[in-house]
Amino acid sequence: GFASILDVLQVAISFDNGGLVWLPTNPSLNTLTELRENFGYWIKVSEDRTLCYPGWCSGPPSYAKLDPRTPSVDLTPSRFWMSVYGRDITLDGNAIEDGTKIEMYSSDGQLCGSGIYENGLLRFTPIYGHDDLDNATNGYPRENDHVSIRVDGVRVYPDIVWSGHGNSSKLDNLTTEKHGSSLTPSSYELAQNYPNPFNPTTVISFSIENPGFVDLEIYNMLGQSIRTLVNADMQAGNHQIVWDGTDNNGQSVSSGVYFYRLQAGSFSRTMKMMLMK
């Protein structure tokens, strides 16, 4: 169904079954695997392109039944969301079991995301944010709000800091103790982006030892800042941000070498990446 825009598609999300996500750079974690008629899909692309969907062009679309393990939850999707995901997640040092339900709640106690851990994976699961156009989302998180996690109904830590624009956050070592030693990494780190080279999206991973103000910028070869990915207070922990190859005006940047710099507390590090179109 996305064949006519596949080379410029950055992320797609459906609003059935609580929300399903597809990122071309992370196939093993995707939950959106089938397109079905009578459902809507939100698609982000790197440039203008005409979508020619089967059924409008060449007969009715085909569809398959969704995986029954996908949770059926009472969620109101919104236009604003981030994703949470994880691989080999532990709780208090023990591997969590297949079939475990992982839910996300706003500070108002409203369910805003839900997924099922299966085969060692929590695939990309949307956490919806507040949308001024829909009163049903009034209790959803806003930028920099904390989102709590429950594993099969049990409150766990650390919280997630909500950040929209399709960003993602990885779950790994969870704990039932709010101030447990496993909550935070022992140092600040900035990892090499993946994939690299990339087109059109790449993931930048970093670790924050202490909560505080974080700045993550993209620079061109002239040393000019072209995109601010993070400029806000963040919770200590492991974080991931997706860069879609656009500048602060939403315009796609050209192929070439770019630099990304993380500043947090006294920590500052710059690394290089390459965009190839």
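Author: Strands β17 and β18 run antiparallel, joined by nine bridges. Two strands count as paired if DSSP finds at least two bridges between them. The strands themselves are DSSP runs of E with at least two residues, numbered from the N terminus. The model is predicted, so local features need pLDDT of at least 70 and side-chain atom pairs pLDDT 80 or more, while totals for chains, interfaces and linings use all residues. Residue numbers start from 1 along each chain as its sequence is written, and side-chain values use heavy atoms, without hydrogens or water.

Within this pairing, Tyr-258 of β17 stands opposite Met-273 in β18. The two strands belong to an open sheet of four, in the order β15-β14-β17-β18, with antiparallel pairing. The edges are β15 and β18: each has a single partner strand, so one side of each lacks a neighbour in the sheet. On average, neighbouring strands here are turned by 15° against each other, direction ignored. The axes behind that angle are lines fitted to C-alpha atoms, and angles in general run from 0 to 180 degrees between N-to-C directions. In a regular strand, side chains alternate between the two faces of the sheet.

Now the rings. The whole structure holds five aromatic pairs. A pair needs ring centres within 6.5 Å, for Phe, Tyr and the six-membered ring of Trp; planes under 30 degrees apart are stacked, over 60 edge-to-face, and the rest tilted. Tyr-188 and Phe-267 count as stacked because their planes meet at 15°, with ring centres 5.7 Å apart. This pair links distant parts of the chain, 79 residues apart: Tyr-188 sits in the loop between β11 (168-174) and β12 (189-190), and Phe-267 in strand β18 (residues 267-275). Tyr-188 and Phe-267 are both buried. Buried means under 20% relative accessible area, exposed means over 50%, and partly exposed lies in between, using a 1.4 Å probe and protein chains only.

Trp-243 and Tyr-258 pair edge-to-face, with 5.7 Å between centres and 70° between planes. Trp-243 is buried, at 0% relative accessible area. Tyr-258 is buried as well, at 6%. Ring pairs join Phe-198 to Trp-243 and Tyr-258 in a cluster.

Asp-244 and Arg-227 meet in a salt bridge, 3.1 Å from N to O. By definition, a salt bridge puts a side-chain nitrogen of Lys or Arg within 4 Å of a carboxyl oxygen of Asp or Glu. Side chains of opposite charge can pair when their charged atoms come close. Asp-244 is buried, at 7% relative accessibility. Arg-227 is buried too, at 15%.

The structure holds two salt bridges. Asp-159 and Arg-155 form one of them, with the closest N and O atoms 2.9 Å apart. Asp-159 is buried, with a relative accessible area of 17%. Arg-155 is partly exposed, at 30%.

Arg-150 lies over the face of Tyr-105, 3.8 Å from the ring centre. For such a contact, NZ of Lys or CZ of Arg must be within 6 Å of the ring centre and within 35 degrees of the ring normal.

Ser-186 lies in the loop between β11 and β12. Ser-186 is exposed, with a relative accessible area of 68%. In sequence it is 22 residues from Ile-208, and the C-alpha atoms of Ser-186 and Ile-208 are 8.5 Å apart. Ile-208 belongs to strand β13 (residues 202-208). At 0% relative accessibility, Ile-208 is buried. Its C-alpha atom is also 7.9 Å from that of His-239, 31 residues away along the chain.

Six of the six residues of β1 (residues 9-14) are buried, so the strand is largely enclosed by the rest of the structure. β1 runs antiparallel to strand β3 (residues 41-45), with five bridges between them. There, Ile-13 has Trp-42 as its bridge partner. Three bridges pair β1 with strand β2 (residues 20-22), again in the antiparallel sense. Here Ala-12 has Trp-22 as its partner.
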